[in-house]
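Colleague: I would like to learn how to read a model of this kind. Could you take me through it feature by feature?

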Amino acid sequence: MTGVITHETAQWQPDSWRSAPTGMQPVWPDEHELPAIIDELHAAPDLVTAGEIDALARGIAQAAAGDALVIHAGECAERFSAVSAADVAARVAQLRELGDELTGKRSPAVVIGRIAGQYAKPRSTTTRLLVRGFSVTEIASYRGDIVNDVAPDRLSRTPDPRRLLRAYHHAAATMSLLRADAVDRAGSRTSVFTSHEALLLQYEEALTRERGGSWLNTGTHLPWVGYRTADPAGGHVRYLSGIGNPVAVKVSAGTSPSTLAEVCARLDPDRRPGRLLLIGRFGADRVAEVLPALADVVRNAGHVPAWVCDPMHGNTFAGPQGRKTRRVADLLREITGFVGALTKMGVPAAGLHLEVTTEPVTECVGGPGGPDAAGLARRYTTTCDPRLNPRQAKFVVAETRRLLLR
Ligand code: PEP
Ligand code: CO
């Protein structure tokens, strides 16, 4: 690119992100293997349909209007090893239960999983030091099962492009179990939509297809852009700007109102209700201070997003032995601040975004039966961020419902 073609003048294509600065992409050691893998992905069947994507957009529009609530939850990083029918059934049951808990079944729940594709992770550092006895070696960071393996040795951590195909096939298997679940419950329950961070743009591009006159990401219903890659001029926002799916954006305490306005202008030039899900992850201490100006600038620009609260990613700290953790009490403080700030402005608080797991892990501190800091070691199994166990998740959601009803 010469730099003279801008986003505004160029016709968007699924590969348009390639001419914008794009962070967090793996460096594959075997670049020569990549073209055949990408060709195979291009030829692979769609995982989601245009009709389903439309249904989700309607749900998000309803939530933005205060007529429905969104529960957007699941693993921080899905694992290739956790895609059995029993695993997926347990995760779906938990999502539905959290949806019912949030709404008290009084209003529709828009149930969205971090599921069937949540395999790529942004990392703050590209390598980490591995200390064994007196030897210290530097190994690549774990970037999610779509890139490398979590085992802490050099070979496992080497990015392997064949993992792109494995990710697709595991997502497809998960999707087929979600569909079977929806058929089993037809009529009585809402469907579960899928979502993941659209981080690896080679993968997302290969699953982007023209369907019914617009470009759709056919790999997931709701792709999102993470806080580390939400640069309005960056490749991730450019990629999401051209697809017809609803898109989600992580918004942090460090996001300025003008930056958020620019991101929203690029992603939602038509001010279409149902297009934007904004996920605030500000931190309990910052939410009340920063959210009003952000919600205001977006509203004044004419966008109608559904604002949901991610009380987890702004409240992470290192506990004993350096284990990353979060306090349930901080989560509740952030949710309280979030609901309070939006309610005061007359903007609906549209739901929650949570990292949860179906196992009785001890990764977050507090809540009913939850561990104290010393108890974290008992069952700390996450490969990435600390997740709420089922009891903690249900408690946080029930407390949120009480706040919303006030
Ligand atoms: C995540 O949701 O797992 C994540 C990395 O979030 P954020 O981009 O908000 O840090
Ligand atoms: Co996370």
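**Confidence, metal site and ring pairs**

Modeller: Start with confidence, as this is a predicted model. The protein chain averages a pLDDT of 95, and 96% of the residues score at least 70.

Colleague: Next, the metal. Which residues coordinate the cobalt ion (ligand 2)?

Modeller: The cobalt ion (ligand 2) is coordinated by Cys76 through SG, His313 through NE2, Glu355 through OE and Asp385 through OD, at 2.0 to 2.6 Å. Along the chain, the donors follow the spacing C-x236-H-x41-E-x29-D. Cysteine 76 sits in the loop between β1 (69-74) and α3 (85-103), and aspartate 385 in the loop between β14 (349-355) and α11 (390-405). The pair is 309 residues apart and links distant parts of the chain.

Colleague: Is cysteine 76 buried or exposed, and is aspartate 385 buried or exposed?

Modeller: Read the relative accessibility against the cut-off: buried means under 20%. Cysteine 76 has 1% relative accessibility, so this residue counts as buried. Aspartate 385 counts as buried because its relative accessibility is 9%.

Colleague: How should I read a pair of aromatic rings?

Modeller: A pair of aromatic rings is described by two values, the distance of the centres and the angle of the planes. A search of the whole structure finds three aromatic pairs. One of them joins tryptophan 12 and tyrosine 239: the pair is tilted, with 6.1 Å centre to centre and 50° between the planes. Tryptophan 12 lies in the segment before α1 (34-43) and tyrosine 239 in helix α7 (residues 235-241), so the pair ties together parts that are 227 residues apart in sequence. Both tryptophan 12 and tyrosine 239 are buried. Phenylalanine 80 and tyrosine 119 form an edge-to-face pair, at 5.0 Å centre to centre and 75° between the planes. Since phenylalanine 80 lies in the loop between β1 and α3 and tyrosine 119 in the loop between β2 (109-114) and β3, that pair ties together parts 39 residues apart in sequence. Phenylalanine 80 and tyrosine 119 are also buried.

Colleague: Which residues form one aromatic cluster?

Modeller: Trp12, Trp215 and Tyr239 do.

Colleague: What does histidine 170 touch, not counting residues up to four places away in sequence?

Modeller: With that exclusion, histidine 170 touches Phe80, Val83 and Tyr119. Histidine 170 is found in helix α5 (residues 162-184), and counts as buried because its relative accessibility is 19%; the cut-off is under 20%.

Colleague: And where does glutamate 205 lie?

Modeller: Glutamate 205 lies in helix α6 (residues 201-206). At 12% relative accessibility, glutamate 205 counts as buried. Leaving aside neighbours within four places in sequence, its contacts are Pro14, Asp15, Trp17, Arg18, His42 and Tyr239. With tryptophan 17 there is a polar contact, side chain to side chain, at 3.0 Å.

Colleague: Which arginines lie over the face of a tyrosine?

Modeller: For a charge over a ring, read the distance from the ring centre. Arginine 281 lies over the face of tyrosine 227, at 4.0 Å from the ring centre. Arginine 323 lies over the face of tyrosine 380, at 5.5 Å from the ring centre.

Notes: Residues are numbered from 1 along each chain as its sequence is written. Chains are lettered from A and ligands numbered from 1 in the order in which they are written. This is a predicted model: local features need pLDDT of at least 70, side-chain atom pairs count only at pLDDT 80 or more; totals for chains, interfaces and linings use all residues. Side-chain values use heavy atoms; hydrogens and water are left out. Donors are N, O and S atoms within 2.8 Å of the metal (3.2 Å for Na, K and Ca); water is not among the atoms, so sites may look incomplete. Helices (H or I, at least four residues) and strands (E, at least two) are DSSP runs, numbered from the N terminus. Buried means under 20% relative accessible area, exposed over 50%, partly exposed in between (1.4 Å probe, protein chains only). pLDDT is the predictor's confidence in each residue, from 0 to 100. Contact means heavy atoms within 4.5 Å. A polar contact is a pair of N or O atoms within 3.5 Å; within protein, one must be able to donate a hydrogen and the other to accept it, and residues adjacent in sequence count only if both atoms are side-chain atoms. Rings of Phe, Tyr and Trp (its six-membered ring) pair if their centres lie within 6.5 Å; planes under 30 degrees apart count as stacked, over 60 as edge-to-face and the rest as tilted. A charge sits over a ring if NZ of Lys or CZ of Arg is within 6 Å of the ring centre and within 35 degrees of the ring normal.
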